[in-house]
Amino acid sequence: MKPESHVDTSVSGKVIAQPFVTSKVTRSLLEWRLFLSFAICATIFYLQFLTNVSPEHYSDDHDRWTGLASHCSDAQPINGSEFLQRQGKLAKILYDNGASAYIAEPGANGQYFGNISEATWHLSERPLLLIIFPALEDANIVAKITVITPTFEETRARLLSVPGIDVSYASWAEDENPYTAALRALSAHRLDLEGPIYVDAMMRYFIVDGLQKAAPGVRVMSAPPEVTQLRERKSQAELDLLRCANEVTVLCIRAVQAQMYIGIRESQVRAMIDEALAAAGLTERWALVLFGENAALPHGSGSDRALGKADFILIDTGGLLFEYHSDITRTFMLRDSSIPPEHITIWYDVHTAQTLAHAVAREGTNTSAVDKVARDWLNGRGYNGYFTHRLGHGIGLEDHEAPYLRGGTNDTIRTGNAFSNEPGVYIEGKVGIRLEDCFYIDEGGISVFLTKGVGGQALSPLHP
């Protein structure tokens, strides 16, 4: 354990204990303000008068999405051996805790432990359940897998690529209770069901209720932190997918910027970003595109307004690469834009908030402390009440997942955690600015932007 250091992270000068904080953050906020004042003045002059240098502009006969398809072409889905490792770790936790089993539906946890996502099996009123339980074989704890399926869907269920050793299937007919069938299948492998049954915390309530009624003498409960942390702490293979997905999303935004012009509409840009993400190979794509004051509503739907010269452009977008998410936000301008100087100042203040939070995010740091650093900076710059949401969320098999970077939490950052870092300032009727990059905590306990390979944070309002 490294010794703690102390850093002045609030505008008021209140000292907060923070572990693993680099000397970069220990600069006083006064020094940051002086530096920013000079930087902002110089940048405004540059952006307004010397913007002959811009991102590459594609000619009409040029493939405007060149290079996007190749960026993640070598990416590979999570392999079978990693699934077996996950199941083995889960089985040991179940055995050590005296738990009977872990049960999940198709979704993020079903995908993590059994390669069953909502994309491969649509949720309905008829449950399909993944059951994992521990067994002792030759003094070794091994994971056993059973899939509970409707009888008329059993053939399709067996076509699912469920990793595991001797995966078994148990079916229930339409006139049977599926939860009784699940408990019957579990009892066939165990002499008793005295220990609790852990369930995916996001499982639909009617299934939890059905399981509890089918096993009144057994406690059915949400999986404890020892289980949930398995998914929260990403492996190298997971980080590789997250890294590539987030890198190529930034490249897509830059490619779209190169095609934009004053007068283009929000809907046109949404179509362009979807086309770029598709060219990059991402699935389940989405995009939020907001011009000018429309961006003052963080998750606004826009009005399909035309882009004006004084408007910032906010694009918040992402997609999936082999089930792993990207989530990037850029607020930027065009070469022909004429952004009000006060809006340029806000952009740099938000950028600094993101930088300060990134420097503080370290293994062992409380998640709420990272949010506080960004919030204190923006409040000190006069934006109290205009940073209206948490700083960030976990990211992986879900776009928003635990743990979260927000006030009021006691979660501790660990190696392998991955988060978004997305401070913003929203002044309704005037302007909204948000900058978002995702990062992870490496083996040394240091935060690393998932977008580092393509430059990391935005460089300036003109260069996202």
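**Aromatic rings, a disulfide and buried side chains**

User: Phe113: buried or exposed?

Analyst: Phe113 counts as buried, at 1% relative accessibility. Buried means under 20% relative accessible area, exposed over 50%, and partly exposed in between (1.4 Å probe, protein chains only). This is a predicted model: local features need pLDDT of at least 70, side-chain atom pairs count only at pLDDT 80 or more, and totals for chains, interfaces and linings use all residues. Residues are numbered from 1 along each chain as its sequence is written, and side-chain values use heavy atoms, with hydrogens and water left out.

User: How many aromatic pairs does the structure hold?

Analyst: Four. One of them is Tyr102 with Phe113, edge-to-face, with 5.3 Å centre to centre and 65° between the planes. Rings of Phe, Tyr and Trp (its six-membered ring) pair if their centres lie within 6.5 Å; planes under 30 degrees apart are stacked, over 60 edge-to-face, the rest tilted.

User: Where do Tyr102 and Phe113 sit in the chain?

Analyst: Tyr102 is in strand β3 (residues 101–104) and Phe113 in helix α4 (residues 108–114). They are eleven residues apart, and the pair links distant parts of the chain. Helices (H or I, at least four residues) and strands (E, at least two) are DSSP runs, numbered from the N terminus. Tyr102 is buried too, at 2% relative accessibility.

User: Why is the pair of Tyr112 and Phe113 edge-to-face?

Analyst: Because their planes stand at 90°, with the ring centres 4.9 Å apart. Tyr112 has 6% relative accessibility, so this residue counts as buried. Tyr102, Tyr112 and Phe113 make up one aromatic cluster.

User: What lies over the face of Tyr112?

Analyst: Arg86, at 4.0 Å from the ring centre. Arg86 also lies over the face of Phe83, at 5.1 Å. The test is NZ of Lys or CZ of Arg within 6 Å of the ring centre and within 35 degrees of the ring normal.

User: Switching to cysteines. Which two does the disulfide join?

Analyst: Cys72 and Cys244, with S to S at 2.2 Å. A search of the whole structure finds one disulfide; the cut-off is a pair of cysteine sulfur atoms within 2.5 Å. The link is left-handed, with -120° about the S-S bond.

User: What does the pair tie together?

Analyst: Cys72 lies in the loop between α2 (68–71) and α3 (80–97), and Cys244 lies in helix α9 (residues 236–259). So the pair ties together parts 172 residues apart in sequence. Both ends are covered: Cys72 is buried at 8%, and Cys244 is buried at 11% relative accessible area.

User: And Cys252, which cysteine sulfur is nearest?

Analyst: That of Cys72, 8.9 Å away. Cys252 is in no disulfide. Cys252 is buried at 0% relative accessibility, and Cys438 is buried at 0% as well.

User: New topic, Asn421. Which strand is Asn421 found in?

Analyst: Strand β15 (residues 418–421). Asn421 counts as buried, at 0% relative accessibility.

User: What lies 3.0 Å from a polar atom of the Asn421 side chain?

Analyst: The backbone oxygen of Gln354. Not counting residues up to four places away in sequence, Asn421 touches several others, among them Ala357, His358, Leu391 and Phe439. Contact means heavy atoms within 4.5 Å.

User: And what is His358 in contact with?

Analyst: Asn421, Phe439, Ser447, Val448 and Phe449, leaving aside neighbours within four places in sequence. His358 is found in helix α11 (residues 341–360). At 14% relative accessibility, His358 is buried.

User: Where does Ile427 lie?

Analyst: In strand β16 (residues 424–427). Ile427 is buried, at 17% relative accessibility. Leaving aside neighbours within four places, Ile427 is in contact with Ala296, Ile346 and Tyr386. Ile427 and Phe387 are 40 residues apart in sequence and 9.1 Å apart C-alpha to C-alpha.

User: Zooming out, how many helices and strands does the protein chain have?

Analyst: Twelve helices and 19 strands. Buried residues make up 55% of the 464 residues. Of the contacts with a separation of 6 or more, 67% are between residues 24 or more positions apart.

User: What does the accessible surface come to?

Analyst: About 19,900 Å², of which 52% belongs to carbon and sulfur atoms. Areas come from the Shrake-Rupley method with a 1.4 Å probe; for residues, only the protein chains shown count as cover.

Note on methods
Polar contact = N/O pair within 3.5 Å; in protein donor to acceptor, adjacent residues only side chain to side chain.
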